[in-house]
Amino acid sequence: MISGSLLPLILAMALAPLMQAVITRTKSVMAGRVGPSLLQPYWDLRKLLLKGAVYSRTTSWVFQLGPTIGLASVIIALTLIPFGGFPALSAFSGDLVLIVYLMALGRFCTVVAALDTGSSFEGMGASREVTFSALAEPAFFLALAALARQTGYLSLNPVLAAVSTATWMRAAPMLGLTIAALTIVFLAENSRMPVDDPATHLELTMIHEVMVLDHSGPDFAMIQYSAALKMWLFATIIVGVVAPWHSGNRWIDTAVGLIGMLVLGIATGLIESSMARLRLLRIPQLMLVAILLSALALAL
Amino acid sequence: MGQLINSILVLLMLTGFMLLGSSRLAACIRTIAIQGLLLGFLAISMQDGDWTISGVLLPTTSAVVKGVVLPWLLFRAMREADTAREVEPFISYNLSIIAGAAALALSLWLGARLQLPNQPASSLLVPTAFFTSLVGMIVIASRRKALTQVLGYLALENGVYAFGTAVALHLPVLVELGILLDVFVAVFVMGIAMFHISREFNHIDTDKLAALTDRLR
């Protein structure tokens, strides 16, 4: 077992909201606007944390527990994610599976909290969220399995350490397919553009946002923060596969990783500015394609 | 070298899924054009150094015919028949993609079991060839418009061509030219047939042709 480092976790917790700000800024620039400050997500979180939470009388403890477990599960998952040259805090054989299930646990609690409000909109959003996640999960699993098969490890730490330029020379098509599948999963899981429009607040079209309408104050801050952390988690895996340079110097690798995250943030912003949302009925087809791409990567 | 061939083969597989998943005829025609061009690249990159004039010229001709001439004919047919979409296929697009996945699994299994006289350049070559042919068959069987069925026929032919490059690197020039001419004439005739069908019935839905019977219904 490699001795873990706290740095990946600290980086994630400090910089995750910044990545969302980068996406927002890219979209603003593309639309010809100035856009909010890059620190805006932090100010939003601070504002929400200083407010009090309002609880409807129809809700129970389940509603209050949802955001807490959601945030906790993402943070636990992040302790398993390495960054740049630094290994994750903990690593063991099979933590790939644990990561997927931790994300599922967080989602389950958000969904249960949404159903607890008794609002029909939230039920609708919960139903959509679960439908599309159920399709995104096999794609994520298969993509991770493809990476595991290619590198021969079952833990994310050695997998990302083993992916190198030599792996690209040996298995470029397989890695390309994996990245394509992971990118679709990344966009779907973080409710970004072709699947869900994070900017809209129209109940008929929302998927993820509609589930958190009733949360307020610190609870909402936790939800926003765990969404940012979740995006960081997926982005780390994608960047780790796309930019597999291991220079030997950990700090240089970390800097490369951070640049990769910045590029991915800008790319996501560009995708959002240039694409329209898919019709709800077409989304299962997109997820099906993601499953296929990752299954093909696994089969090769 | 092996990576280049593998990448082309994976792209070929993806064009198969694009054909199965898209409803716009123009997109399907473009997919078939890309498939034809990729096959040309594949045949050229299989030569692996020992270039011959016929070895480069034949794939180039085939790529031009399949990637430029036939798509042009098909676009013309599409304009004349005044159809832009395959509206209601017999099998939904999601189901077609799943059928494609099953076909891929079958082709990978077949490719692993099939004994060939000579070792192909890539272990993916035979599965890709089978898969492309199977996609062609699925498209022919599950789509309503005559134009999409022509596209299925072309995919089928592309699969056979890919299999040809797997088994014999150098087919006699005459045979290859003959096959190319056959395909060209076939698509030409199908285009004319489609034009007549659409002029007669104002659509190119082949399932309605069953109504052309003497039997009283």
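# Exercises on a predicted two-chain model

**Exercise 1. How does the radius of gyration of chain B agree with that of a compact globule of 217 residues?**

Solution. A compact globule with 217 residues would have a radius of gyration near 17 Å, and chain B has 18 Å, which agrees. This is a predicted model, and the values below are computed from it. Next, take the extents. The C-alpha trace of chain B spans about 60 × 35 × 30 Å along its principal axes. Then take burial. Of the 217 residues in chain B, 42% are buried.

**Exercise 2. State how many helices and strands chain B has, and in what order its elements run.**

Solution. Count the elements: chain B has seven helices and zero strands. Read from the N terminus, they run α-α-α-α-α-α-α. Now look at contacts between residues at least 6 apart in sequence. In chain B, 77% of these join residues at least 24 apart.

**Exercise 3. Which elements of chain B give two or more residues to the side that touches chain A?**

Solution. Start with the totals. Chain B brings 12 residues to the contact and chain A brings 12 residues. On the chain B side, the elements giving two or more are helix H1 (2-21) and helix H4 (93-113) of chain B. H1(B) gives the most, with seven residues. Sort this side by class: seven residues are nonpolar, five are polar and none is charged.

**Exercise 4. Helix H1 of chain B also packs on H5(B). Decide whether the two are parallel or antiparallel.**

Solution. The angle between H1(B) and helix H5 (residues 125-142) of chain B is about 10 degrees, and their axes lie 10 Å apart. Angles under 35 degrees count as roughly parallel. H1(B) is therefore roughly parallel to H5(B). Among the residues in contact are B:Leu9, B:Leu12 and B:Gly16 of H1(B), and B:Phe131, B:Val135 and B:Ile138 of H5(B). The classes come to 10 nonpolar, three polar and no charged residues.

**Exercise 5. Describe the packing of H2(B) with H6(B).**

Solution. Helix H2 (residues 25-45) and helix H6 (residues 146-167) of chain B have axes 10 Å apart, at an angle of about 10 degrees. They are therefore roughly parallel to each other. Their crossing is left-handed. The contact includes B:Ile29, B:Ile32 and B:Gln35 of H2(B), with B:Leu151, B:Asn158 and B:Tyr161 of H6(B). Here 13 residues are nonpolar, five are polar and none is charged.

**Exercise 6. At what angle do H7(A) and H10(A) cross, and what does that make them?**

Solution. The axes of helix H7 (residues 165-189) and helix H10 (residues 283-299) of chain A come within 8 Å and cross at roughly 150 degrees. Angles over 145 degrees count as roughly antiparallel. So H7(A) is roughly antiparallel to H10(A). The crossing is left-handed. Residues making the contact include A:Met174, A:Leu177 and A:Ile184 of H7(A), and A:Leu286, A:Val289 and A:Leu293 of H10(A). By class, 14 are nonpolar, two are polar and none is charged.

**Exercise 7. Is A:Ser191 buried or exposed?**

Solution. Locate A:Ser191 in the loop between H7 and helix H8 (217-242) of chain A. A residue is buried if 20 or more other C-beta atoms lie within 10 Å of its own. A:Ser191 has 20 C-beta neighbours inside 10 Å, so it counts as buried. Now check the backbone. Most residues other than glycine have a negative phi. The phi of A:Ser191 is near 45 degrees, a positive value.

**Exercise 8. Which residues does A:Ile69 touch, not counting residues up to four places away in sequence?**

Solution. A:Ile69 lies in helix H3 (residues 61-78) of chain A. Its contacts are A:Leu105, A:Gly106 and A:Cys109. With 18 other C-beta atoms within 10 Å, A:Ile69 is partly exposed. For a distance, take A:Phe140, 71 residues from A:Ile69 along the chain: their C-alpha atoms are separated by 22 Å.

Technical notes
Residues numbered from 1 in each chain as written. Chains lettered and ligands numbered in written order. Predicted model: local features only at pLDDT ≥ 70, side-chain atom pairs only at ≥ 80, totals over all residues. Contact = placed C-beta atoms within 7 Å. Helix = DSSP H or I, 4+ residues; strand = E, 2+ residues; numbered from the N terminus. Nonpolar A, V, L, I, M, F, W, Y, C, P; charged D, E, K, R; others polar. Rg over C-alpha atoms; globule rule 2.2 N^0.38 Å. Buried ≥ 20, exposed ≤ 12 C-beta atoms within 10 Å, placed from the backbone. Axes fitted to C-alpha atoms, helices over the stretch in contact; angles between N-to-C directions. Parallel < 35°, antiparallel > 145°, perpendicular 65-115°, else oblique. Left-handed = near helix turned anticlockwise from the far one by under 90°.
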